[in-house]
Amino acid sequence: MALEAEIFKIILAFVVLINPSAAIPLFVHFTDGYSSADKKKVARIACATVFIVIAFFALFGEVLLRGLGISLGSFRVAGGILLFLIALGMMNDGNNPAKPNHDTISPQPKDPSQLTGMAVVPLAIPMMIGPGGISTVIIYSSHVKSMLSLGLIVLSGLLISLFCYASLMAAGKISKVLGQTGMNVTNRIMGIILAALAVEIVVSGLRTIFPQLV
């Protein structure tokens, strides 16, 4: 498969998994009543965290797997199953096994200084980049054979982080335009795409474990 097509799949997977539209209600909830400067600070910290997590696991994820004695084939199958479960949650009632429902999150912090911690957990981790996203980063980075390809994955993470920042900055307008129904429809469409990607990852993992399937 051409490198350009592979990078496109990576970006698509990031867009679907990170899905900033799912974090918008939580962002609006936590930053309600705070100044524009505070909201920008929360968005910057959250999106910077997303990029750092992507870059770290792109560079060192495979090394961690080897240290734990986990084969890439097994991890791909497990990661694909996890992504499929997330996709099912997105297509059904939104009950996501890997991301919290914003209604179950503790009330918004009263002290602006607490916003920094909230931007990292739970907004960035696990709401925007959770186990599914981390698994995807490791799976795709394990395919690359050159530093250029690895750099493109990290660059993809940077572009997605910037996209997330723009989405959070427009959170108020997006939530008003789409409404709850629009947000639900968007999540379901994203879920269908993610399910297809998950199946491909599982098949790839099975072929690695059982070469005779090729």
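This note sets out some points on the structure above.

1. The model is predicted: local features need pLDDT of at least 70, side-chain atom pairs count only at pLDDT 80 or more, and totals for chains, interfaces and linings use all residues. Residues are numbered from 1 along each chain as its sequence is written, and side-chain values use heavy atoms, leaving out hydrogens and water.

2. An unreviewed UniProt entry places the feature "transmembrane region" at residues 7–30, 42–61, 73–91, 119–140, 147–169 and 189–210; such annotations may be inferred rather than shown by experiment. Residues 73–91 are 100% helix and 0% strand, with the end C-alpha atoms 27 Å apart. For residues 189–210 the values are 95% helix and 0% strand, with 32 Å between the end C-alpha atoms. Helices are DSSP runs (H or I) of at least four residues, and strands (E) of at least two, numbered from the N terminus.

3. Helix α3 (residues 36–68) packs against helix α5 (residues 115–128) at about 45 degrees, with axes 8 Å apart. Axes are lines fitted to C-alpha atoms over the stretch in contact, and angles run from 0 to 180 degrees between N-to-C directions. The two helices are therefore oblique to each other, a class that excludes angles under 35 degrees, over 145 and from 65 to 115.

4. Ile138 lies in helix α6 (residues 131–141). Its relative accessible area is 5%, so Ile138 is buried (under 20%, with a 1.4 Å probe and protein chains only). Leaving aside neighbours within four places in sequence, Ile138 is in contact (heavy atoms within 4.5 Å) with Phe57, Gly61, Glu62, Leu65 and Phe75.

Methods: Buried < 20%, exposed > 50% of the residue type's maximum accessible area, 1.4 Å probe, protein only.
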